[in-house]
Amino acid sequence: GEGDVFSTLNFVALAMIPVAVVVAIARYRLYDIDRIISRTIGYTVVLVFLSAVYAFGAVWIPSRYLGRQPPVFVAASTLIVVALFNRVRRPILAWIDRRFYRSHYNAEQVIDSFARQVGNETDTARITQEWQTVVSETLQPATIGVWVHAEHDPNTAARRQ
């Protein structure tokens, strides 16, 4: 009957989800799947936490103490969840990165350290050498090349005057 057709279509649609994921990974070269997985885990943790906060404030507290759910509790819970989103998201995603995507986290730490170290440096040759060291340590490429525009090099500008 009609219910059997709907059931079959529903099964086929659900079965196509993994196929669609594999096609997307292959077609768009999403081989860095560990990054996608870590972000999925991170946002799932954020979603579960914020859902619990919302349910606690909008459902549990008013039901327990008032026996009903006034709209003010729903509105207040919604505002609290909105206010907490970025404050919760950043540390959770950072924790997930440290835990599951260590190489990316370590690379960010090395680059931040490099940025602080050369913040006021004006010697282009030294900056170039330090940048090559940072890149080789974090990304481990087969070759490294750095293009430096001469107009921004204070040593070159001083020689022309």
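A residue counts as exposed when its relative accessible area is over 50%, as buried when that area is under 20%, and as partly exposed in between. Tyr65, at 60% relative accessibility, is therefore exposed. The model discussed here is predicted. Its secondary structure consists of six helices and zero strands, and the order along the sequence reads α-α-α-α-α-α.

**Overall surface and contacts**

- The protein has 161 residues, of which 18% are buried.
- Among contacts with a separation of 6 or more, 48% come from residues 24 or more positions apart.

**Aromatic cluster**

- Two aromatic pairs are present in the structure.
- In one of them, Phe56 and Trp60 are stacked, with 5.1 Å from centre to centre and 15° between the planes.
- Helix α2 holds both Phe56 and Trp60, which are four residues apart, or about one turn of the helix.
- Trp60 also pairs with Tyr65: the ring centres are 6.4 Å apart and the planes stand at 90°, so this pair is edge-to-face.
- Through these ring pairs, Phe56, Trp60 and Tyr65 are linked into a cluster.
- Phe56 has a relative accessibility of 44% and so counts as partly exposed.
- Trp60 likewise falls in the partly exposed class, because its relative accessible area is 40%.

**Nonpolar surface patch**

- Tyr28, Leu30, Ile33, Ile36, Ile37, Ile41, Val45, Trp95 and Phe100 make up a nonpolar patch on the surface, and together they have about 800 Å² of accessible area.
- Helices α2 (33-65) and α3 (71-100) each contribute at least two residues to the patch.
- The most comes from α2, which gives five residues.
- Leu30, one of the patch residues, is located in the loop between α1 (2-27) and α2.

**Asp34 and Phe100**

- Asp34 belongs to helix α2 and is partly exposed, at 39% relative accessibility.
- Although Asp34 and Phe100 are 66 residues apart in sequence, their C-alpha atoms are 8.3 Å apart in space.
- Phe100 is itself a member of the nonpolar patch.

- Glu130 is part of helix α5, which covers residues 124-138.
- The relative accessible area of Glu130 is 17%, and the residue is therefore buried.
- The side chain of Glu130 makes a polar contact of 2.8 Å with the side chain of Arg126.
- When neighbours within four places in sequence are set aside, Glu130 is in contact with Phe114, Gln117 and Val118.

Definitions and conventions. Residues numbered from 1 in each chain as written. Predicted model: local features only at pLDDT ≥ 70, side-chain atom pairs only at ≥ 80, totals over all residues. Heavy atoms only, no water. Patch = residues over 30% accessible without salt bridge, like charges linked within 9 Å, V, L, I, M, F, W, Y side chains within 5 Å. Areas by Shrake-Rupley, 256 points an atom, 1.4 Å probe, with all protein chains shown as cover. Salt bridge = Lys/Arg side-chain N within 4 Å of Asp/Glu carboxyl O. Buried < 20%, exposed > 50% of the residue type's maximum accessible area, 1.4 Å probe, protein only. Polar contact = N/O pair within 3.5 Å; in protein donor to acceptor, adjacent residues only side chain to side chain. Contact = heavy atoms within 4.5 Å. Phe/Tyr/Trp six-rings, centres within 6.5 Å; stacked < 30°, edge-to-face > 60°.
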